[in-house]
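Biologist: I am new to this structure, and I would like to understand the terms used for it. Could you take me through them step by step?

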Amino acid sequence: MLKKERQAFILHQVNLHNKVLSSLLSQEIHVSEDTIRRDLQELADEGKIIKVHGGALSHSFNEVYYPTDNVYSQDHKKIIANKAAALIQNGMFVLTSGGTTIIELARALPRQLKATFMSGSIPAILEYMQHPTIDVIMIGDRISKSSKITIGAEAIAKIKQINADLCLLGINAIDLKHGTTDNDWEVVQLKKAMIQSARKTVCLTISEKINTLQPIHICDLQHIDVLITELPPDDPKLKPYIDAGIQVL
């Protein structure tokens, strides 16, 4: 790749996954990590990304209050959010992860909904607090500054005490062989605990992340009950997941 092509690829990956690792980008582009670090620094100097140790973050992912615009593929995420909101019924206990799609879900909840939402995501909690009739439980522990979510053994222990009706996960990648994957070890441990603590697991993702792979495994497909994308359920891209036994919305 030329430098401009390489940096365009990096910027797209940052926007798509919210967080990228230098080591993974090096493997994908087939250049040295030193080259990747220089590219990340240039993109950061131009104000396009936030460079952190070992990689980079998107600006929207780094905000405590997510902006109402300038979120990657926001229109698609709003479609996903509306589909997910329709699954939540009065009286339910709902565990959610963080991320921009979950934020759109929080904004899409019906005003009359009476349910309990539990999360360690600070941006998600702040959105839930704006809702007039839902109860909000903060799962506390040490805070990850990059992901704006509580992490660690105490948070996992609290999640394991919960018997939720739904677990709603914003996911970074999914494919038929590996299931769901991510690039943040501590967030993956939280998501694993959330899946184990809910009767039903619902994965939310834009279709661009389907058939993609990140380095850390979360769960196999058999642990996913529902997959929600912006696509219609009969889209050919989704058929293999329906054939695997997942309900697709």
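Modeller: Two strands are said to pair if DSSP finds at least two bridges between them. Please keep in mind that this is a predicted model.

Biologist: What makes β12 and strand β14 (residues 226-228) a pair?

Modeller: Three bridges join β12 and β14 in the parallel sense, and because at least two are required, they count as paired. Within this pair, Val-202 stands opposite Val-226 of β14. Val-202 is also the bridge partner, in β12, of Leu-168, and strand β9 (residues 164-170) pairs with β12 over six bridges, again in the parallel sense.

Biologist: Why is strand β12 (residues 198-204) called mostly covered?

Modeller: Buried means under 20% relative accessible area, and five of the seven residues of β12 are buried.

Biologist: How do you know that strand β5 (residues 116-119) pairs with strand β6 (residues 135-138)?

Modeller: The two strands run parallel and are joined by four bridges, where at least two would be needed; Met-118, for instance, stands opposite Ile-137 in β6. Between β5 and β6 the chain passes through helix α7 (residues 122-128), and this β-α-β crossover is right-handed.

Biologist: Why are α1 and α2 called oblique to each other?

Modeller: Helix α1 (residues 3-17) and helix α2 (residues 22-29) pack at an angle of about 130°, their axes lying 12 Å apart. Roughly perpendicular covers 65 to 115 degrees and roughly antiparallel begins over 145, and α1 and α2 are therefore oblique. Their crossing is right-handed, and Arg-6, Phe-9, Ile-10 and Gln-13 of α1 meet Leu-25, Glu-28 and Ile-29 of α2.

Technical notes: Residues numbered from 1 in each chain as written. Predicted model: local features only at pLDDT ≥ 70, side-chain atom pairs only at ≥ 80, totals over all residues. Heavy atoms only, no water. Right-handed = clockwise from strand over helix to strand, strands pointing away. Buried < 20%, exposed > 50% of the residue type's maximum accessible area, 1.4 Å probe, protein only. Axes fitted to C-alpha atoms, helices over the stretch in contact; angles between N-to-C directions. Parallel < 35°, antiparallel > 145°, perpendicular 65-115°, else oblique. Left-handed = near helix turned anticlockwise from the far one by under 90°. Contact = heavy atoms within 4.5 Å.
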